[in-house]
Amino acid sequence: KAWVRFRHPRLIYEMVAAATQAALRRPGVMPGVEVRAEGDDRPSATTFSGVAEQVALFGDATGPGQARGLFGRVLGQVQDTFVVSTSEDEVFFLDQHVAHERVLFERLQHELREGVPAAQALLFAEPLELPPAASSLLERWREPLERLGFAFEGFGGPAIVLRAVPALLKGDEPRRLIEAAVDELAGPGADKPTLDRALAFVACRAAVKANTPLGREEMERLVAELSVTETPYFCPHGRPIVSRVSLHDIRRELKRNW
Ligand SMILES: [Zn+2]
(Lines give C-alpha, C1' and ligand atoms only; values in the text may rest on other atoms or scores of the structure.)
Protein backbone atom coordinates (compact mmCIF):
# COMPACT_ATOMS: atom_id res chain seq x y z
CA LYS A 1 0.00 0.00 0.00
CA ALA A 2 1.59 3.21 -1.14
CA TRP A 3 -0.81 5.76 0.32
CA VAL A 4 -2.26 6.11 3.76
CA ARG A 5 -4.84 8.78 4.29
CA PHE A 6 -5.55 10.05 7.78
CA ARG A 7 -8.97 11.20 8.76
CA HIS A 8 -7.45 14.08 10.72
CA PRO A 9 -4.08 14.77 9.09
CA ARG A 10 -3.59 18.00 11.03
CA LEU A 11 -4.01 16.14 14.32
CA ILE A 12 -1.52 13.44 13.29
CA TYR A 13 0.94 16.08 12.16
CA GLU A 14 0.70 17.86 15.49
CA MET A 15 1.05 14.60 17.43
CA VAL A 16 4.17 13.62 15.52
CA ALA A 17 5.65 17.11 15.82
CA ALA A 18 4.97 17.17 19.58
CA ALA A 19 6.38 13.66 20.05
CA THR A 20 9.53 14.50 18.08
CA GLN A 21 9.94 17.69 20.07
CA ALA A 22 9.55 15.77 23.33
CA ALA A 23 12.02 13.09 22.20
CA LEU A 24 14.62 15.71 21.29
CA ARG A 25 14.24 17.21 24.77
CA ARG A 26 15.13 13.97 26.53
CA PRO A 27 18.52 14.09 28.26
CA GLY A 28 19.27 10.74 26.59
CA VAL A 29 20.01 12.53 23.32
CA MET A 30 23.08 14.21 24.85
CA PRO A 31 26.32 12.58 23.77
CA GLY A 32 28.31 11.38 26.76
CA VAL A 33 31.97 10.62 27.33
CA GLU A 34 32.37 7.31 29.08
CA VAL A 35 35.22 6.99 31.53
CA ARG A 36 37.04 3.77 30.79
CA ALA A 37 37.48 1.50 33.78
CA GLU A 38 40.50 -0.78 34.23
CA GLY A 39 40.05 -4.16 32.55
CA ASP A 40 37.47 -2.70 30.27
CA ASP A 41 37.85 -4.23 26.84
CA ARG A 42 35.46 -2.01 24.99
CA PRO A 43 37.05 -0.71 21.81
CA SER A 44 36.50 2.96 22.47
CA ALA A 45 36.23 5.21 25.47
CA THR A 46 33.71 7.40 23.74
CA THR A 47 30.15 6.33 23.32
CA PHE A 48 27.09 8.19 22.33
CA SER A 49 24.67 7.11 24.97
CA GLY A 50 21.88 8.89 23.12
CA VAL A 51 21.94 6.20 20.47
CA ALA A 52 21.77 3.37 22.97
CA GLU A 53 18.93 4.75 25.00
CA GLN A 54 15.54 3.74 23.78
CA VAL A 55 13.52 6.84 23.15
CA ALA A 56 9.88 6.50 24.07
CA LEU A 57 8.30 8.58 21.34
CA PHE A 58 5.01 9.09 23.07
CA GLY A 59 6.40 9.21 26.60
CA ASP A 60 5.89 12.07 29.02
CA ALA A 61 7.23 15.34 27.75
CA THR A 62 9.48 17.25 30.09
CA GLY A 63 7.37 20.09 31.41
CA PRO A 64 8.82 23.59 31.20
CA GLY A 65 8.96 23.73 35.01
CA GLN A 66 11.31 20.75 35.12
CA ALA A 67 13.52 22.28 32.48
CA ARG A 68 15.01 24.82 34.87
CA GLY A 69 18.37 23.70 36.10
CA LEU A 70 18.79 21.17 33.30
CA PHE A 71 22.54 21.64 33.52
CA GLY A 72 23.03 22.23 37.23
CA ARG A 73 25.33 24.99 38.40
CA VAL A 74 28.12 26.63 36.44
CA LEU A 75 31.69 25.75 37.44
CA GLY A 76 33.55 27.84 34.87
CA GLN A 77 34.86 27.95 31.33
CA VAL A 78 37.58 25.89 29.64
CA GLN A 79 39.53 26.78 26.50
CA ASP A 80 37.44 29.98 26.36
CA THR A 81 34.95 27.86 24.42
CA PHE A 82 33.16 25.44 26.74
CA VAL A 83 31.04 26.33 29.73
CA VAL A 84 31.34 23.60 32.36
CA SER A 85 28.53 22.94 34.81
CA THR A 86 27.55 20.16 37.17
CA SER A 87 24.50 18.47 38.64
CA GLU A 88 24.59 15.84 41.41
CA ASP A 89 25.35 13.09 38.91
CA GLU A 90 27.03 14.61 35.90
CA VAL A 91 29.45 17.20 34.59
CA PHE A 92 28.30 19.03 31.45
CA PHE A 93 30.38 20.65 28.75
CA LEU A 94 28.37 23.20 26.78
CA ASP A 95 29.70 24.64 23.54
CA GLN A 96 29.09 28.34 24.17
CA HIS A 97 28.64 29.29 20.52
CA VAL A 98 25.97 26.74 19.63
CA ALA A 99 24.29 27.17 23.02
CA HIS A 100 23.92 30.91 22.40
CA GLU A 101 22.86 30.26 18.81
CA ARG A 102 19.98 28.08 20.06
CA VAL A 103 18.90 30.73 22.58
CA LEU A 104 18.93 33.52 19.97
CA PHE A 105 17.23 31.34 17.36
CA GLU A 106 14.25 30.67 19.60
CA ARG A 107 14.10 34.28 20.77
CA LEU A 108 13.94 35.44 17.14
CA GLN A 109 11.29 32.84 16.35
CA HIS A 110 9.25 34.18 19.21
CA GLU A 111 9.71 37.79 18.09
CA LEU A 112 8.70 36.81 14.55
CA ARG A 113 5.45 35.40 15.85
CA GLU A 114 4.76 38.78 17.46
CA GLY A 115 5.82 40.89 14.45
CA VAL A 116 9.20 42.01 13.13
CA PRO A 117 12.26 41.59 15.37
CA ALA A 118 13.96 44.83 16.41
CA ALA A 119 15.86 46.44 13.54
CA GLN A 120 18.59 49.04 13.47
CA ALA A 121 18.48 51.65 10.69
CA LEU A 122 21.93 52.34 9.28
CA LEU A 123 23.16 55.89 9.77
CA PHE A 124 24.61 55.79 6.27
CA ALA A 125 22.76 53.55 3.84
CA GLU A 126 25.25 51.07 2.45
CA PRO A 127 25.40 50.57 -1.33
CA LEU A 128 26.16 46.91 -2.00
CA GLU A 129 28.31 46.25 -5.01
CA LEU A 130 27.44 42.64 -5.57
CA PRO A 131 28.14 40.47 -8.59
CA PRO A 132 24.95 40.03 -10.67
CA ALA A 133 24.48 36.43 -9.52
CA ALA A 134 24.63 37.46 -5.86
CA SER A 135 22.23 40.37 -6.48
CA SER A 136 19.61 38.12 -7.97
CA LEU A 137 20.01 35.63 -5.11
CA LEU A 138 19.58 38.47 -2.65
CA GLU A 139 16.46 39.61 -4.45
CA ARG A 140 15.01 36.13 -4.12
CA TRP A 141 15.63 36.16 -0.37
CA ARG A 142 14.57 39.72 0.15
CA GLU A 143 11.24 38.88 1.71
CA PRO A 144 12.47 36.51 4.46
CA LEU A 145 15.46 38.75 5.16
CA GLU A 146 13.23 41.80 5.52
CA ARG A 147 10.97 39.89 7.88
CA LEU A 148 14.01 39.54 10.13
CA GLY A 149 14.80 43.26 10.16
CA PHE A 150 16.96 43.82 7.09
CA ALA A 151 15.78 46.59 4.74
CA PHE A 152 16.89 46.90 1.12
CA GLU A 153 16.24 49.36 -1.67
CA GLY A 154 17.07 49.67 -5.34
CA PHE A 155 16.50 46.14 -6.58
CA GLY A 156 16.56 46.14 -10.37
CA GLY A 157 18.54 49.40 -10.38
CA PRO A 158 22.30 49.90 -10.63
CA ALA A 159 22.99 49.13 -6.95
CA ILE A 160 21.14 47.53 -4.08
CA VAL A 161 21.20 49.67 -0.97
CA LEU A 162 21.11 48.29 2.56
CA ARG A 163 19.12 50.55 4.90
CA ALA A 164 18.68 48.50 8.07
CA VAL A 165 19.89 45.33 9.78
CA PRO A 166 18.43 43.19 12.61
CA ALA A 167 19.31 44.88 15.91
CA LEU A 168 21.15 41.72 16.99
CA LEU A 169 23.65 42.33 14.18
CA LYS A 170 24.15 46.06 14.51
CA GLY A 171 27.80 45.61 15.47
CA ASP A 172 28.54 43.73 12.26
CA GLU A 173 30.16 45.37 9.23
CA PRO A 174 27.13 45.68 6.86
CA ARG A 175 28.80 44.74 3.60
CA ARG A 176 30.55 41.69 5.05
CA LEU A 177 27.29 40.71 6.70
CA ILE A 178 25.40 40.65 3.40
CA GLU A 179 28.20 38.76 1.66
CA ALA A 180 28.05 36.17 4.42
CA ALA A 181 24.25 35.98 4.13
CA VAL A 182 24.46 35.35 0.39
CA ASP A 183 27.13 32.67 0.93
CA GLU A 184 25.06 30.99 3.61
CA LEU A 185 21.80 31.01 1.67
CA ALA A 186 23.48 29.82 -1.53
CA GLY A 187 25.05 26.94 0.42
CA PRO A 188 23.55 23.53 1.21
CA GLY A 189 20.12 23.22 2.79
CA ALA A 190 18.04 24.67 -0.04
CA ASP A 191 15.31 22.18 0.84
CA LYS A 192 14.61 23.97 4.13
CA PRO A 193 12.36 27.05 4.32
CA THR A 194 14.39 30.18 3.55
CA LEU A 195 13.02 32.00 6.57
CA ASP A 196 14.36 29.28 8.90
CA ARG A 197 17.74 29.37 7.19
CA ALA A 198 17.88 33.16 7.37
CA LEU A 199 16.91 32.94 11.02
CA ALA A 200 19.66 30.41 11.74
CA PHE A 201 22.11 32.67 9.91
CA VAL A 202 21.23 35.69 12.05
CA ALA A 203 21.39 33.62 15.26
CA CYS A 204 24.78 32.15 14.31
CA ARG A 205 26.19 35.51 13.30
CA ALA A 206 25.04 37.19 16.52
CA ALA A 207 26.02 34.36 18.88
CA VAL A 208 29.12 34.58 21.05
CA LYS A 209 32.07 32.97 19.27
CA ALA A 210 34.33 30.19 20.46
CA ASN A 211 37.61 31.39 22.01
CA THR A 212 35.83 34.21 23.82
CA PRO A 213 36.32 34.56 27.57
CA LEU A 214 32.98 34.87 29.40
CA GLY A 215 32.25 36.29 32.84
CA ARG A 216 30.48 34.18 35.44
CA GLU A 217 27.23 36.09 35.10
CA GLU A 218 27.25 35.69 31.33
CA MET A 219 27.78 31.95 31.67
CA GLU A 220 25.05 31.60 34.25
CA ARG A 221 22.62 33.51 32.10
CA LEU A 222 23.49 31.49 29.02
CA VAL A 223 23.01 28.18 30.84
CA ALA A 224 19.73 29.34 32.40
CA GLU A 225 18.40 30.57 29.06
CA LEU A 226 19.43 27.40 27.27
CA SER A 227 17.64 25.32 29.92
CA VAL A 228 14.30 26.85 29.04
CA THR A 229 14.59 26.58 25.24
CA GLU A 230 12.40 24.09 23.44
CA THR A 231 15.38 22.16 22.03
CA PRO A 232 18.27 22.62 24.47
CA TYR A 233 20.48 19.82 23.14
CA PHE A 234 20.83 20.73 19.46
CA CYS A 235 21.72 23.94 17.63
CA PRO A 236 19.50 25.08 14.73
CA HIS A 237 21.83 23.30 12.29
CA GLY A 238 21.53 20.03 14.22
CA ARG A 239 24.90 20.07 15.95
CA PRO A 240 24.91 18.80 19.56
CA ILE A 241 25.29 21.52 22.20
CA VAL A 242 26.16 19.51 25.30
CA SER A 243 28.46 16.61 26.15
CA ARG A 244 28.48 15.07 29.60
CA VAL A 245 30.55 12.89 31.88
CA SER A 246 28.93 10.70 34.50
CA LEU A 247 30.25 11.23 38.03
CA HIS A 248 29.31 7.63 38.69
CA ASP A 249 31.95 6.64 36.11
CA ILE A 250 34.47 8.98 37.70
CA ARG A 251 33.89 7.42 41.12
CA ARG A 252 34.29 3.95 39.66
CA GLU A 253 37.48 4.99 37.88
CA LEU A 254 38.90 6.40 41.11
CA LYS A 255 37.76 3.37 43.11
CA ARG A 256 35.72 5.53 45.42
CA ASN A 257 33.13 3.02 46.53
CA TRP A 258 32.05 4.72 49.72
ZN1 LIG B 1 27.07 29.01 14.32
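The model is predicted. The zinc ion takes its protein donors from His 97, Glu 101 and Cys 204. Helix α5 spans residues 132-140, and its buried residues line one face of the helix.

**Zinc site**
- The donor atoms are NE2 of His 97, OE of Glu 101 and SG of Cys 204, and they lie 2.0 to 2.2 Å from the zinc ion.
- Along the chain, these donors follow the spacing H-x3-E-x102-C.
- The site links distant parts of the chain, with His 97 in helix α4 (residues 96-114) and Cys 204 in helix α8, 107 residues apart.
- His 97 is buried, at a relative accessible area of 13%, whereas Cys 204 is partly exposed at 27%.

**Ala 206 in helix α8**
- Ala 206 belongs to helix α8, which covers residues 194-206.
- Its relative accessible area is 21%, so Ala 206 counts as partly exposed, the buried class being under 20%.
- Beyond neighbours within four places in sequence, Ala 206 is in contact with His 100, Leu 104, Leu 168 and Leu 169.
- Ala 167 is 39 residues from Ala 206 in sequence, and their C-alpha atoms are 9.6 Å apart.

**Helix α5**
- Ala 134, Ser 135 and Leu 138 are the buried residues of α5.
- Viewed down the helix axis, these residues fall within an arc of 100 degrees, so they line one face.
- Pro 132, Ala 133 and Arg 140 are exposed on the other side of α5.
- The buried residues of α5 pack against helices α6 (142-147) and α7 (174-186) and against strands β6 (119-128), β7 (151-153) and β8 (160-166).

Key: Residues numbered from 1 in each chain as written. Predicted model: local features only at pLDDT ≥ 70, side-chain atom pairs only at ≥ 80, totals over all residues. Heavy atoms only, no water. Buried < 20%, exposed > 50% of the residue type's maximum accessible area, 1.4 Å probe, protein only. Helix = DSSP H or I, 4+ residues; strand = E, 2+ residues; numbered from the N terminus. Arc of directions from axis to C-beta. Contact = heavy atoms within 4.5 Å. Donors = N, O, S within 2.8 Å, 3.2 Å for Na, K, Ca; no water.
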